[in-house]
There are 2 protein chains.
Amino acid sequence: MRILVVEDNAALADGISSALTRMEMAVDVVGDGTEADNILRTQEFNLVVMDLNLPGYDGLEILKRYRQNGGKAQVLILTARDTLNDRVKGLDLGADDYLTKPFDLVELEARVRALLRRQSGLKSPEIVIGELIFDSVARRVSMMGEPLDLPRREFCLLELLISRAGQVVSKEQIADSLANFDQDMSPNAVELYISRLRKRLAAADINIKTVRGLGYLLEK
Amino acid sequence: MRILVVEDNAALADGISSALTRMEMAVDVVGDGTEADNILRTQEFNLVVMDLNLPGYDGLEILKRYRQNGGKAQVLILTARDTLNDRVKGLDLGADDYLTKPFDLVELEARVRALLRRQSGLKSPEIVIGELIFDSVARRVSMMGEPLDLPRREFCLLELLISRAGQVVSKEQIADSLANFDQDMSPNAVELYISRLRKRLAAADINIKTVRGLGYLLEK
DNA sequence: CTTCCTATGACAGGTTCTCGACAGCTTTGA
DNA sequence: TCAAAGCTGTCGAGAACCTGTCATAGGAAG
């Protein structure tokens with residue numbers, strides 16, 4: 001789990017950082033708003049711990065921009081004790097939680113655990129093959145960054161080949177799998193789908209090999 | 001949005017209830033643990049505000065049982081005891097947030113908004129997509145600077161698509177979400193709303209893509 | 001060279017989606 | 001209280017797209 005800590009007070013940043021490291025997190029620390037902005041634009045984190053009180057920069061601004069750019073990480077903000085307004089604003093701007101300074105590191109850990117637990121289970125597993133990214137949960141495929149629209153049958157075929165990558169899959173297996181067992185599919189139809197899929201994947205370096213008399217296989 | 005308030009102090013319960021009602025929430029109040037247990041078993045809520053300090057009943061127990069029975073609502077706990085332990089325990093038992101008494105109603109409102117937003121998957125109250133600005137808190141949309149009046153169904157549809165931007169949302173999910181689970185909506189009706197929403201958003205560069213056989217998705 | 005398997009264009013259904021028309025319902029405003 | 005305006009959802013015609021058969025051509029194996 002990657003965590004970004006945005007905190008200008010070096011001593012505090014250090015304490016937070018080591019507490020989180022003890023939890024087996026990968027922690028990055030930045031000390032000012034500009035840096036925070038930059039790193040949030042270019043890298044992905046699971047959680048951001050941010051002090052709202054940064055010198056020469058408004059933490060709320062960073063948060064707002066981060067969310068508007070589609071940032072998805074959980075955000076835990078740190079505020080001084082008596083700034084109710086900041087906390088309220090922070091939550092309204094898309095923070096997930098806050099902690100009032102001074103706080104106990106044990107409590108920080110509990111909050112981080114709660115936030116990360118909440119986040120897990122959101123990401124769907126993706127399979128990357130060369131230029132192709134295949135997401136079976138979201139049922140999306142993209143090729144060289146561009147989303148690729150596949151008709152249902154072709155999507156199922158690709159899914160089957162990927163799940164058995166490196167092994168030969170017989171035409172009969174493909175037919176059964178595509179036809180959902182509720183009807184028959186001729187071997188020729190399978191050949192046709194292979195042909196169509198190959199054409200679509202031609203731009204990426206994906207190779208569906210023919211194994212004469214046996215079937216097809218997707219090379220890894 | 002349905003909210004359950006579990007609070008034995010009538011005056012406080014009243015204050016909370018009216019604050020939430022002002023936010024256009026449907027609020028139910030119960031005053032003791034047994035009642036809370038019962039209603040949580042039989043009805044669904046989006047959020048539960050629960051005092052841990054109930055006469056003759058441990059709020060943490062209720063919370064624990066609720067989660068064990070698969071309760072999915074966001075839970076905000078209220079605690080007078082300022083012991084770190086209770087708060088940490090509460091979070092570890094599946095509470096989503098806590099507030100220490102005494103608290104400010106403004107802050108309660110912010111927390112409730114944040115929790116409900118979290119539940120819907122939306123992070124920032126103002127989401128900018130091309131020429132469109134979507135404000136989930138104020139429940140307003142504007143397009144190219146002009147406010148855009150959307151009928152309720154279309155607004156809900158847009159909210160759903162935005163909260164799942166980049167993912168396919170099935171017609172069934174849309175139907176369930178729009179119909180609020182209390183009645184059925186035909187797939188055809190969903191198609192119609194998509195059509196209407198597309199027409200309204202045509203001027204902005206918003207693209208609702210059709211994924212044949214699966215549903216729709218809003219491109220990022 | 002012959003035979004069988006595979007590749008692919010063309011095409012004819014079939015399915016799914018789009019959206020105008022319309023009628024019932026709800027809200028608004030006087 | 002009633003009328004007007006607007007929202008909601010059904011129907012259905014037509015468009016768009018998917019699917020699988022046929023037919024033909026290309027290649028591999030013996």
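Begin by selecting B:E109, a residue of helix α5 of chain B; helices here are DSSP runs of H or I with at least four residues, strands are runs of E with at least two, and both are numbered from the N terminus. The model is a predicted one, in which local features need pLDDT of at least 70, side-chain atom pairs count only at pLDDT 80 or more, and totals for chains, interfaces and linings use all residues. Residues are numbered from 1 along each chain as its sequence is written, chains are lettered from A and ligands numbered from 1 in the order in which they are written, and side-chain values use heavy atoms, with hydrogens and water left out.

**Stop 1: B:E109 and its surroundings**

B:E109 has a relative accessible area of 16% and is therefore buried. Buried means under 20% relative accessible area, exposed means over 50%, and partly exposed lies in between (1.4 Å probe, protein chains only). Next, display B:A19, B:R22 and B:M23, which B:E109 touches when residues up to four places away in sequence are not counted. Contact means heavy atoms within 4.5 Å.

**Stop 2: helices α1 and α5 of chain B**

Select residues 10-22 of chain B, which form helix α1, together with α5(B); their axes come within 10 Å and cross at roughly 55 degrees. The axes are lines fitted to C-alpha atoms, for helices over the stretch in contact, and angles run from 0 to 180 degrees between N-to-C directions. At that angle α1(B) is oblique to α5(B): angles under 35 degrees count as roughly parallel, over 145 as roughly antiparallel, 65 to 115 as roughly perpendicular, and the rest as oblique.

To view the contact itself, show B:G15, B:I16, B:A19, B:L20 and B:R22 on α1(B), and B:L105, B:L108, B:E109 and B:V112 on α5(B). These residues of the two helices comprise six nonpolar, one polar and two charged. Ala, Val, Leu, Ile, Met, Phe, Trp, Tyr, Cys and Pro count as nonpolar, Asp, Glu, Lys and Arg as charged, and the others, Gly among them, as polar.

**Stop 3**

Remain on helix α5 of chain B and select B:L108. B:L108 is buried, with a relative accessible area of 0%. Apart from residues up to four places away in sequence, B:L108 touches B:I16, B:L76, B:L99 and B:F103. For a distance across the chain, draw a line from the C-alpha of B:L108 to that of B:G215: the two are 107 residues apart in sequence and 37 Å apart in space.

Which residues have the most contacts inside the largest nonpolar core? They are B:L20 and B:V112, in a core of 42 residues. A nonpolar core is a set of buried Ala, Val, Leu, Ile, Met, Phe, Trp, Tyr and Cys residues joined through side-chain atoms within 4.5 Å. Helix α5 of chain B (residues 105-120) gives the most to this core, contributing six residues. Around B:L20, show B:I3, B:V5, B:M25, B:V27 and B:V112, its contacts once neighbours within four places in sequence are left aside. A second, separate core has 32 residues, including B:L132, B:L157, B:L160 and B:Y193.

**Stop 4: B:E154**

Move to helix α6 of chain B (residues 152-163) and select B:E154. Is B:E154 buried or exposed? With a relative accessible area of 4%, B:E154 is buried. Its contacts, leaving aside neighbours within four places in sequence, are B:Y193, B:R196, B:L197 and B:R200.

**Stop 5: a loop residue in each chain**

Select B:M144, in the loop between β10 (140-143) and β11 (146-148) of chain B. Its phi is near 50 degrees, a positive value in a residue other than glycine. B:M144 is partly exposed, at 41% relative accessible area.

In chain A, A:M144 occupies the loop between β10 (140-143) and β11 (146-148). The phi of A:M144 is positive, near 50 degrees, although the residue is not glycine. A:M144 counts as partly exposed at 43% relative accessibility.

**Stop 6: A:P125**

Finally, select A:P125, in the loop between α5 and β8 (126-129) of chain A. A:P125 is exposed, with a relative accessible area of 55%. Its C-alpha atom is separated by 6.4 Å from that of A:D135, ten residues away along the chain. Beyond neighbours within four places in sequence, A:P125 is in contact with A:F134, A:D135, A:S136 and A:V137.
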